[in-house]
Amino acid sequence: MKKIGFIGLGVMGKNMASNILSAGYELTVYDVIEANVEDMVSKGALAGSSPADVASKSEVVFTSLPNSAIVEAVVLGENGVLSGCEEGTIIVDLSSITPKSIRKIHKICSDKNVEVVDAPVSGGAAGAEKGTLTIMIGGSKEVVEKITHVLSSIGSKINHVGEIGAGDTVKAVNNLLLGANMVAVAEALVLGKKAGLLADTMYDIISKSSGGSYALNAKYDNYISKGNFDPGFMIDLQYKDLQLAIDTAKDLQVPLVTGNMAQQMFEAARAEGFGKEDISAVIKVFEKWADVEVRSEK
Ligand code: NAD
């Protein structure tokens, strides 16, 4: 399978699409933002005029889109991917969406002999750029085997975790932890700063101690310490991912105490106007309350 389609060329999509292109595949792309398409065309991709047009030129179609409603519209809607697919085409959704939504898409597409797998990713913009993402796939084994060669160009850890929806379920659990850890890091660093500690000292010690975490390591040096909150991973998307976990927990009657609290902190950050900034910007809410700033002293 050499003809690949890619829809959604944002923070994650543009890097993943570039890696697929560099691996030698023939790539057709689409995004509602024209400049994102032009950028990929300058690297050698072909521009599709709609999701249906991309699908008609592809054996495998990837989507990397913001949420369930948009993925459903892009795949199932008018001029959507499904309307342009031939039988046997494989749709691979790399977005983080609800397991319920991907199962609905899978059911409708299966009836037309079009295959669907959920393949959400972890590793952020940096992992997407380096091609080292962790990919968690839900879907049939036969389909996963057919697409593993393309997935190898965007990820280094490719895990088939179960039937359709299983990938999105793992992703919801992972991002529940990321969101909760990010809020805890922000709260703790602000406390330390208010109590008179240097930000860099806290980072140097805690990153090598039992309080360390991915959230601290990934978000102190490049974001918090510099006061640079360009995404990265947007607060609006983290908020949505916590909702995926909260909805799943509600369906199963599992209390989600920390997840709901973390989501409220991201809600506060959105209310302050930080929704399009990186998740580390949640620290600005704690900083305002405590009247300190956690920035590098170097
Ligand atoms: P983004 O907002 O940067 O990119 C989304 C892209 O989709 C944009 O270019 C947008 O123009 C395009 N788009 C929106 N609606 C469209 C439509 N109807 N048709 C075609 N294109 C459309 O988001 P992102 O950070 O790249 O995230 C994409 C997905 O990956 C999300 O589901 C997110 O939760 C997930 N994710 C993000 C990260 C991260 O660190 N940013 C990490 C893992 C997973």
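Predicted model: local features only at pLDDT ≥ 70, side-chain atom pairs only at ≥ 80, totals over all residues.
Residues are numbered from 1 along each chain as its sequence is written, and side-chain values use heavy atoms, without hydrogens or water. Local features need pLDDT of at least 70 and side-chain atom pairs pLDDT 80 or more, whereas totals for chains, interfaces and linings use all residues.

The ligand is surrounded by 28 residues (a heavy atom within 4 Å of the molecule), the closest being Val11, Met12, Asp31, Leu65 and Lys240. Among the polar contacts (N or O atoms paired within 3.5 Å), a polar backbone atom of Met12 is 2.9 Å from a ligand oxygen, and a polar side-chain atom of Asn36 lies 3.1 Å from an oxygen atom of the ligand. A backbone N or O atom of Gly232 lies 3.3 Å from a ligand nitrogen. The protein buries 88% of the 830 Å² that the ligand exposes when taken alone (Shrake-Rupley method, 1.4 Å probe). The shell comprises 16 nonpolar, eight polar and four charged residues. Its largest share, three residues, comes from α12, and each of domain 1 (3–163) and domain 2 (169–290) supplies at least three residues.

The second largest pocket holds about 200 Å³ of space. A pocket is an open set of points on a 1 Å grid where a 1.4 Å probe fits, with protein on both sides within 12 Å along at least five of seven lines; lining residues have an atom within 4 Å of a point. Helix α12 gives the most to this lining, with four residues. Both domain 1 and domain 2 contribute to the lining, so the pocket lies between them.

Methods: Points joined across faces, edges and corners; volume = space filled by probe spheres on them. Helix = DSSP H or I, 4+ residues; strand = E, 2+ residues; numbered from the N terminus. Domains from an automatic or database assignment. Polar contact = N/O pair within 3.5 Å; in protein donor to acceptor, adjacent residues only side chain to side chain. Nonpolar A, V, L, I, M, F, W, Y, C, P; charged D, E, K, R; others polar.
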